[in-house]
Amino acid sequence: MQRLSSRAAAFRNKASLFSFSSKPYTPFHRICVETYVSGPHNFDPHLKPAHSEMGYSQNTDEVHANHGSSNFGKENCPFSDRRGGFGLVRLEDNREDFTHYQNYDEFSADVEKVYRILRKLHSRVPKLELALQESGVVVRSGLTERVLNRCGDAGNLGYRFFVWASKQPSYRHSYEVYKSMIRILGKMRQFGAVWALIEEMRKENPQFVSSYVFIVLMRRFASARMVKKAIEVLDEMPKYGCEPDEHVFGCLLDALCKNGSVKEAASLFEDMRIRFPPTLKHFTSLLYGWCREGKLMEAKHVLVQIKEASFEPDIVVYNNLLSGYAAAGKMADAYDLLKEMRRKGCEPNVMSFTTLIQALCAKEKMEEAMRVFLEMQSCGCAADSVTYTTLISGFCKWGKINKGYELLDNMIQQGYTPNSMTYFHIMAAHEKKEELEECMELMEEMRKIGCIPDLSIYNIVIRLACKLGEVKEGVRVWNEMEATGLSPGLDTFVIMIHGFLSQSCLVEACEFFKEMVGRGLLSAPQYGTLKELLNSLLRAEKLEMSKDVWSCIMTKGCDLNVYAWTIWIHALFSNGHVKEACSYCMDMMDAGVMPQPDTFAKLMRGLRKLYNRQIAAEITEKVRKMAAQREITFKMYKRRGERNLKEKIKEEKDGRKRRARRRRWGGGHGRANIC
């Protein structure tokens, strides 16, 4: 603990060097650094850069051009240290004026009041609107954006307030509000709602329809691997009075390359060569995409194309190729590329060296990583906070926490600001050793030096508390997190729910799960949590509570697929509730979802034991009709399900045949035949 206190004191002595942002609900004011395509793919996710060809602003969907003469985004970027490769997230080192504190005081009380109402009544729209009307909150410019930010990942809450605010007299949504809402709906993959909102903007506020709106939509389609839909946005833009240009096309290529669709991006690039003349940014996006996929030969071919197009590779191009070599473990090629860069007059920058350090740390080559670090300093290239954080991450990952603390001290002495991600890796190392007290102390030291813990930090503490059986402590940290203005994300809810289940706190687990669903955070990857919750409830003979959970999912408008239905039906069947499982299977088919063959087989087997041939025949007929409508064969269902409906007489006959075979081959139960 002494080392923490001494470090905090040292940092406070340097307080004049740093000024932390006072923007509410965000741990730091993130400063945009103009960048091209994102850097090394193998970088730790907590050191992830900004989006490729964008200046990193407060919103990760904000897109700015990088290559060419465009200055878009510079005016919003007080820190304009130009770097290639990664878009770095840094703390602001210029002091904000007092007016920001006045704005914070003006909105903070109303934002919290609205947020509490939304959390409590979001599922009951009439009561919600009445409560908001009677709250005394006046909807005004700035408040709506703040409320949407406060809702965080809980898109349903933000959308409810957005709709209510639009109905208020003497208020109209601003461009910023529309942008925020489009980002939220896109993140929820409510693409139909996004198109409807764009149509509303075109009719009521045509001046708000800009290329930015369509770029956000492209990126969301690309992240959902809906390549055709992303490309179709280009064709739809002219209908809304917005002609796509080279920048928009570059953003589309970038989005496809960053989401695993580089082949489609390369094909689109060739098809659109005449309509959109190639730029260095376009080539860089493709090179990054191939490097990310580990296709270094294709990446080298793009490098050749760059030279053939009379473009000179810059530091961004080289850094992306460098990241490709590092990700593939070809460190000798990476070192050769550094030499080539120097020969061609392109000096490696801090991101070039940090890329190599990250790759070496991932392979536990810490001594070599430190040699690269010292070489960087000897070349006159100063390390930055990301470099230090990378090294700290490496040492902590391999259990050398003391060395991580030494680097943290060195980082502070050099005048660099540790951020949440710097502390995250140290706390993750403490979590592995199940040292909850050290995590709590470190979080307190973060506050003392003005480094506000973010969701990733709180997730570690809550997860460790639940793992050690300290669920009450986890709840206390949760409440503390919300009191600071942070909205719990999907991961935080999942951690808390699993913590309650591990301690058999089923009521609390249900409440948190329903809250997660109500905020619109339930998605397919979280079906494992749903399965564990339902099975825990049914094993504890809490049938009504499990039905209540499922009813909550249905009434909140969750888009349920066949896997969610299968989890619920199998849970009921496995715990002896065959009739209820059959009833929900009928509901599933009424909703237009066809059961899987193994689900059908389970229900047939259960109904055979209950001698209920009527329901079995009804389910079979429905499945047969759905199979015919979808033009798929019923043979699989017939083999796995209908055979369970055969008469008992035939089963007895088959049983006699098996026993006869056993006797013939000396496989009887007794030893009389053998003797």
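1. Basis. The model is predicted, so local features need pLDDT of at least 70 and side-chain atom pairs count only at pLDDT 80 or more, while totals for chains, interfaces and linings use all residues. Residues are numbered from 1 along each chain as its sequence is written, and side-chain values use heavy atoms, with hydrogens and water left out.

2. Length of H23. Helices are DSSP runs (H or I, at least four residues), numbered from the N terminus. Helix H23 covers residues 471-483, which is 13 residues. The expected span of a helix is 1.5 Å times one less than its number of residues. For H23 this gives 18 Å, and the end C-alpha atoms are 18 Å apart, so the two agree.

3. Faces of H23. Buried means under 20% relative accessible area, exposed means over 50%, and partly exposed is in between (1.4 Å probe, protein chains only). In H23 the buried residues are Val471, Gly474, Val477, Trp478, Met481 and Glu482. Seen down the helix axis, they fall within an arc of 135°, so they line one face of H23. The arc is taken from the directions from the helix axis to the C-beta atoms. Lys472 and Ala483 are exposed on the other side of H23. Just after this helix, Gly485 has a positive phi of about 100°.

4. Faces of H11. Helix H11 (residues 262-271) has Val262, Ala265, Ala266, Leu268 and Phe269 as its buried residues. They fall within an arc of 165° when seen down the axis of H11, so they too line one face of the helix. The exposed residues Lys263 and Asp271 are on the face of H11 turned away from the buried side.

5. Side chains of opposite charge can pair when their charged atoms come close. A salt bridge here is a side-chain nitrogen of Lys or Arg within 4 Å of a carboxyl oxygen of Asp or Glu. The whole structure has 23 of these salt bridges. In one of them, Glu480 pairs with Arg476, with the closest N and O atoms 3.2 Å apart. Because the two residues are 4 apart in H23, about one helical turn separates Glu480 and Arg476. Arg476 is partly exposed, at 36% relative accessible area. Salt bridges that share partners join Glu444, Arg447, Glu473, Arg476 and Glu480 into one network.

6. Two further salt bridges. Glu375 and Arg342 meet through their side chains at 3.8 Å, N to O. Glu375 lies in helix H17 (residues 366-378) and Arg342 in helix H15 (residues 331-343), so this pair ties together parts that are 33 residues apart in sequence. Glu375 is partly exposed at 34%, and Arg342 is partly exposed at 28%. The side chains of Glu270 and Arg273 also form a salt bridge, at 3.1 Å, N to O. Glu270 is partly exposed at 41%, as is Arg273 at 31%.

7. Axes are lines fitted to C-alpha atoms, for helices over the stretch in contact, and angles run from 0 to 180 degrees between N-to-C directions. The axes of helix H26 (residues 527-539) and helix H27 (residues 543-555) come within 7 Å and cross at roughly 155°. H26 and H27 are therefore roughly antiparallel, a term for angles over 145 degrees. For helix H14 (residues 315-327) and H15, the axes come within 8 Å and cross at roughly 165°. This makes H14 roughly antiparallel to H15. The crossing of H26 and H27 is left-handed (the near helix is turned anticlockwise from the far one by less than a right angle). H14 also passes H15 in a left-handed crossing.

Methods. Parallel < 35°, antiparallel > 145°, perpendicular 65-115°, else oblique.
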